[in-house]
Structures are given as structure tokens and as C-alpha cells.
Amino acid sequence: MEPGVCNRANMLVCRLWTAVSRALFAEFLATGLYVFFGVGSVLKWPSALPSVLQIAITFNLATATAVQVTWKASGAHANPAVTLAFLVGSHISLPRAVAYVAAQLAGATVGAALLYGVTPGDIRGTLGINMVHNSSSTGQAVTVEVILTLQLVLCIFASTDNRQALGSPAAMIGTSVALGHLIGIFWVGPLTGAVLASLIYNFILFPDTKTLAERLAILMGTTEVEKVGVESQKKESRSSSGDAEMGSHYAAQAGLELSILPSQPPE
């Protein structure tokens, strides 16, 4: 192999490694901040437990901060359920999803460990461990978590989708998290809700034109999501152009005026 080709290959590998490392660190940081400040808000500061509204507002602000700082580096998932939803929707590859979840779990562990280390024992308590404190059954609690995570993931998709996003993702996602924390967080419910939300958004509300082969390629990490998105956009443009030309032809034959609607914004 020629030296020039080797240099270009090495540069490509270095850039890829830099991008992946930055994304993983962003997920680590976002989840660590979320856990440190969010869990910290449920502790007995200074003499009584905070209200549910105080906790929800703190999670809102912690989420908004984490998203604003890291979403351009990694997408600011900061949650294995969100990463699963993006995997199901063919937005990230399986290797990236696994790496994201590992970074998130590491960040959550470090965030909780830091909080544990700086909190006095009489305030620390159980460090905000989630429990059902009323007469709700396990099934009822899981169902609530499914619904809460479903609305969160739908909000994340909608606020980060450049086909329709208008506001600030940090503000919208933070508000959605606050809404969820006004009620209740476990594992089975959030993961199930995330999958349902991904299926609803990516296959019903705003389906794209990715083929099965393209989705499998994204899943295995053998192609870039951005590249597939561009190709899908071109397909939509060609389809829209063909429909417009056919409509113009028949309208001209009928002697009618044809008003062509603007095409859907690109991904």
C-alpha cells in the first residue's frame, strides 16, 4: 500500500476514533450530571424531603443542561431506554448502542458515587432508590412507567427531528422529563415504553423510506445513518417530482389549474 493511502487511512481512523470517543464521553458526562443533580434533589435537604414539584423541576433543569451541553456530540441520550428507541428506529447501529449504554451506566455509577461521597449519612438515606410507596401493584407501576417513557421518547424524537423541529431540544426534553417525574422510574417499563414510542414515531407518525437492507446495514454499523438519510431524501424528492409531473399532465388535459404543495422538509 502506498504511503499516501496509508496516511489517509490513518487520518480517517483517527477522526473516527475522535468522534466515537467524544460521543461516548458526552453520554458518560450527560448521564453523570443527570444522576448527580437529579438524585440529589430527592434527598433530605436540609431537614425534610422535597416536594414532588421540586424534584420534577430539578430533573427538568438537570436534563436541559445535560442535553444542551452534549446533544450535538452524541445526541444526549443519557438513558438506555432512549438509546434502545433510537436503535429500534434505525437511527444508530447496534455497536454504537451497546457502547452508549455502557457509557451511560458508567456515568450514572460515577455520578451516584460522587453524590454518595459528598452527602452526610443522615441526609443520604437510600440515595433515592425507586420504590412503590402506595398500594399500587407491580403491574400498575410498570404500566405507568411505560406511558411516562413513551411520552418522553416521543418528545425526544419530535424535538430532535430536523424535518419538523422548531424549538430548543433542551427545553422540550427537560419539560418532558419533568412531566414524567411528577408521577414516577424503573427498567422494564421504560424500555417497553421506549420501544413502543420508537415504533409509533418512526413507523406511523413520521415514517421514512429506509429499506430493510438499509436498516440492517445501520444496525450492523456497516453504513452511516446520515448517508442513508440523504439517499432516502433523494428517493422522496424523485417520487414527489414524478407525482407532480403526472399531476400537471392530467391537469393540463382537463384544462384545470394545478396547485403543487411544497414537499416535506428533508431529514
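1. Start with H77, which sits in the loop between α2 and α3; helices here are DSSP runs of H or I with at least four residues, strands are E runs of at least two, and both are numbered from the N terminus. At 7% relative accessibility, H77 counts as buried, where buried means under 20% relative accessible area, exposed over 50%, and partly exposed in between (1.4 Å probe, protein chains only). Leaving aside residues up to four places away in sequence, H77 touches E27, V82, T83, F86, I92, Y100 and Q104, contact being heavy atoms within 4.5 Å.

2. A word on the basis of all this: the model is predicted, so local features need pLDDT of at least 70 and side-chain atom pairs count only at pLDDT 80 or more, while totals for chains, interfaces and linings use all residues. Residues are numbered from 1 along each chain as its sequence is written, and side-chain values use heavy atoms, with hydrogens and water left out.

3. On the overall fold, the chain has ten helices and zero strands. Of its 267 residues, 34% count as buried. The chain exposes about 15,600 Å², and carbon and sulfur atoms supply 68% of that area; accessible areas come from the Shrake-Rupley method with a 1.4 Å probe, and for residues only the protein chains shown count as cover.

4. Which residues touch the most other members of the largest nonpolar core? Among its 29 residues, they are F86, V153, I156, F157, I173 and V177. At least two residues of this core come from each of α1 (3–40), α2, α3 (80–88), α4 (94–118), α6 (138–160), α7 and α8 (188–205). The largest share, five residues, belongs to α3. A nonpolar core is a set of buried Ala, Val, Leu, Ile, Met, Phe, Trp, Tyr and Cys residues joined through side-chain atoms within 4.5 Å.

5. Not counting residues up to four places away in sequence, F157 touches A85, F86, H91, S198, Y201 and N202. Y201 also has a partner in D161: a polar contact of 2.8 Å joins their side chains (N or O atoms within 3.5 Å; within protein, one must be able to donate a hydrogen and the other to accept it, and residues adjacent in sequence count only if both atoms are side-chain atoms). D161 lies in the loop between α6 and α7 and is buried, at 9% relative accessibility.

6. D208, K210 and R215 are linked in a network of salt bridges, each bridge being a side-chain nitrogen of Lys or Arg within 4 Å of a carboxyl oxygen of Asp or Glu. The closest N and O atoms are 2.7 Å apart for D208 and K210, and 2.8 Å apart for R215 and D208. D208 is buried at 14% relative accessibility, K210 is buried at 9%, and R215 is buried as well. The structure holds two salt bridges.

7. Finally, the surface: V52, L53, I57, L61, L179 and L182 form a nonpolar patch with about 550 Å² of accessible area together. Patches are made of residues with over 30% relative accessible area and no salt bridge, with like charges joined within 9 Å and nonpolar side chains (Val, Leu, Ile, Met, Phe, Trp, Tyr) within 5 Å. Helix α2 (residues 52–74) gives the largest share of the patch, four residues. L179 lies in helix α7 (residues 169–181) and is partly exposed, with a relative accessible area of 45%.
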